[in-house]
There are 2 protein chains.
Amino acid sequence: MKFIVSQKEFLEGLQTVQRAVSNKNTLPILSGVLIKAEDTQLKLVATDLEIGIECYINAKIITKGELVLPASHLSSIVRELPSMDVEVSCNLETKSAEIICGNSRFNINGFPADDFPILPKLEEGVQLTICQPLFKEVIEQVKIATSTDETQPFLNGALLKITGNELIMASTNSYRLAHRMIQLENGIDGQVEVIIPNKTLDEMVRILGDDEDSSIRIQITDNQILFEIENIIIISRLIEGRFPNYEPVIPKNSNTFIRVNRKELLQAAKRVSLIAISNSNIIKATIDNGVTILESTNSEIGHAQEKLLVNMEGPGIEISFNSVYLMDGLKVINSDEVKLCFGGKLSPLILKPVDETNYIYVISPIRS
Amino acid sequence: MKFIVSQKEFLEGLQTVQRAVSNKNTLPILSGVLIKAEDTQLKLVATDLEIGIECYINAKIITKGELVLPASHLSSIVRELPSMDVEVSCNLETKSAEIICGNSRFNINGFPADDFPILPKLEEGVQLTICQPLFKEVIEQVKIATSTDETQPFLNGALLKITGNELIMASTNSYRLAHRMIQLENGIDGQVEVIIPNKTLDEMVRILGDDEDSSIRIQITDNQILFEIENIIIISRLIEGRFPNYEPVIPKNSNTFIRVNRKELLQAAKRVSLIAISNSNIIKATIDNGVTILESTNSEIGHAQEKLLVNMEGPGIEISFNSVYLMDGLKVINSDEVKLCFGGKLSPLILKPVDETNYIYVISPIRS
């Protein structure tokens, strides 16, 4: 196998797939990236058996073939090479590669391509297409509420539920819930409901771009999900189990409503949190007469208080909750103003963009 | 005590002194910063008893006084405050401070100022003045070769030796040596020779600016050194003991000389180092016929080779050394071209700026 590739494109490709490289040392070959020289392009593949990333890049292929090379060494070498063409010649018998670029010459040892796990080909299942930045926003808004508690694996990811033209993503860690709905231009027949793992959500946010004209193709089978974005394919296992019925958690009736500038509330919450950190992040909100007061106390450090003028409806209320949960929600909402809906001191509060009904973020109160 | 200060200046001052705050939890008050409201300005002081930093900032003083406040909490609060005037009122009886800024109000607990260690007043000793960016360059060039081996405390810093108008700084970890000389505009009577600790060198590099018109005042006594830069004073203990006689280490006779572009050599060394990392950073240089070849080998990973065209004098040579040592030296030299002087396979090599004699960096070879 022999090919010539630009240093920049080679590095970008390696960085794209490298995130799927296994950090565990169970199977040495999984620390590598499969490099396959096809007719007119180079295919790079990495997987930790849970998620697999494939990336296609332009290259001048001189001889076809495939070899696995150690991902971290290879990308640190390519990163330091001058921005010139890189010539890679692999000896498939000795499983080694010679990398020549300008006056630099590297020989690195690899693994036989035959031992590398093959990413499954998804030939069936549900297919749909979504605008890239929209799907990125949906994932960002939902990812925040996923759980990392390994005793409840079905919460270590986000629900993706598609019914006809309606797509819902939801997540919860039992103390908070994020729920986003969008209408698809081209829906699917029937319904599909799967749970996408946290790590895959993280990779998606990293890979998805902001180009409104670019879309992502999604293909879903019973136990795998595939995302195709331009020259990149991500294949992930799905989380087994049933996502809990979260509908009852979303409060139906609220009495007190406030509208407030999102950034101002976020900054106030950030400051009050400085004192709350060592007290399980508990802050107290007192809402009365068009004023919201956020407070936190720590007997050792001291006390913090923030005052905000808000547009208010309904009776006054006093409620305590985790300030980090509030800040996470405020960070992923894109509107200038947000609405907070309260049902009482011991009822979950709802945070949502003003005048929009497609995103709901629910935070459980803390008894204080 | 009560004062009004701009959020920006307060934060800058806190960040300046905070680096002297003790990380060890031996004496709780050393985690604090002393705030003293004087006639027309605010004095901030922090110390870990080895190094002390004082900083003066403008403030409107309403009532004079002094109090110690927890440094990390205070600066994290001030960092998050809006860029407005901050009003600080301290209750010297309860040892607490109220911080008001816009709609934010913090109460934090502190320590009595009386318990805070007093930084010594240096009223005697040698005094001199040096251009700020020049002194910064001197420290950066010498700092790299200091030792962190605690069994040889007199190497955990840099020698500062002033004789008349000549200032020398030098450091060594026994495997490499850095030596810089400058001529002072106004020298001193006689001679002074002290060892400045590593941590102090680090702080100096951080605080020293690049303004050619600005200078630093230095005052040296037997066991303390003081640096005064505009509104900042740094007082550091000196390392006790005698700095070794390093003169014999500097090779007097070299046979082989090369001149090479500094950046090209640095980039080549960086790439070859990628393979050398897991082999104690050993790289081999083969110099012959106007070509320098850098190489490193690791039986598991592979092999790296870099070729450089150099301007060469004298016989060919093959020598092995620590690539990190070479890179460190190349990073702190400011000339476009560097000169390397070799005395043989087992003799230290000298790295220096081309056509300059005031900086010498010596690297011991490794037997291979």
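By what turn and what shift along the axis can chain B be laid on chain A? A turn of 180° with a shift of 0.0 Å along the axis does so, with an RMSD of 0.0 Å, the copies being superposed by least squares on the C-alpha atoms of residues with pLDDT of at least 70 in both. The two copies are thus related as by a two-fold rotation axis.

Before selecting anything, note that this is a predicted model, in which local features need pLDDT of at least 70 and side-chain atom pairs count only at pLDDT 80 or more, while totals for chains, interfaces and linings use all residues. Residues are numbered from 1 along each chain as its sequence is written, chains are lettered from A and ligands numbered from 1 in the order in which they are written, and side-chain values use heavy atoms, with hydrogens and water left out.

**The interface**

Select Asn23(B), which of the residues of chain B comes closest to the rotation axis, at 16 Å for its C-alpha. Then show the contact between the chains (heavy atoms within 4.5 Å), which takes 26 residues from chain B and 26 residues from chain A. About 2,400 Å² is buried between the two chains, 51% of it on carbon and sulfur atoms; buried area here is the accessible area (1.4 Å probe) that two parts lose on being put together, summed over both.

Next, select helix 2 (residues 71–80) of chain A and helix 5 (residues 262–276) of chain B, which pack at an angle of about 170° with their axes 9 Å apart. Helices are DSSP runs of H or I with at least four residues, and strands are runs of E with at least two, numbered from the N terminus; axes are lines fitted to C-alpha atoms, for helices over the stretch in contact, and angles run from 0 to 180 degrees between N-to-C directions. Helix 2 of chain A is therefore roughly antiparallel to helix 5 of chain B, a term for angles over 145 degrees. Ser76(A), Ile77(A) and Glu80(A) make the contact from helix 2 of chain A, and Lys270(B), Arg271(B), Leu274(B) and Ile275(B) make it from helix 5 of chain B.

**A salt bridge within chain A**

Finally, select Lys136(A) and Asp210(A), which form a salt bridge with their closest N and O atoms 3.5 Å apart; the rule asks for a side-chain nitrogen of Lys or Arg within 4 Å of a carboxyl oxygen of Asp or Glu. Across the interface of chain B and chain A, the rule finds zero salt bridges.

Methods:
Angles under 35 degrees count as roughly parallel, over 145 as roughly antiparallel, 65 to 115 as roughly perpendicular and the rest as oblique.
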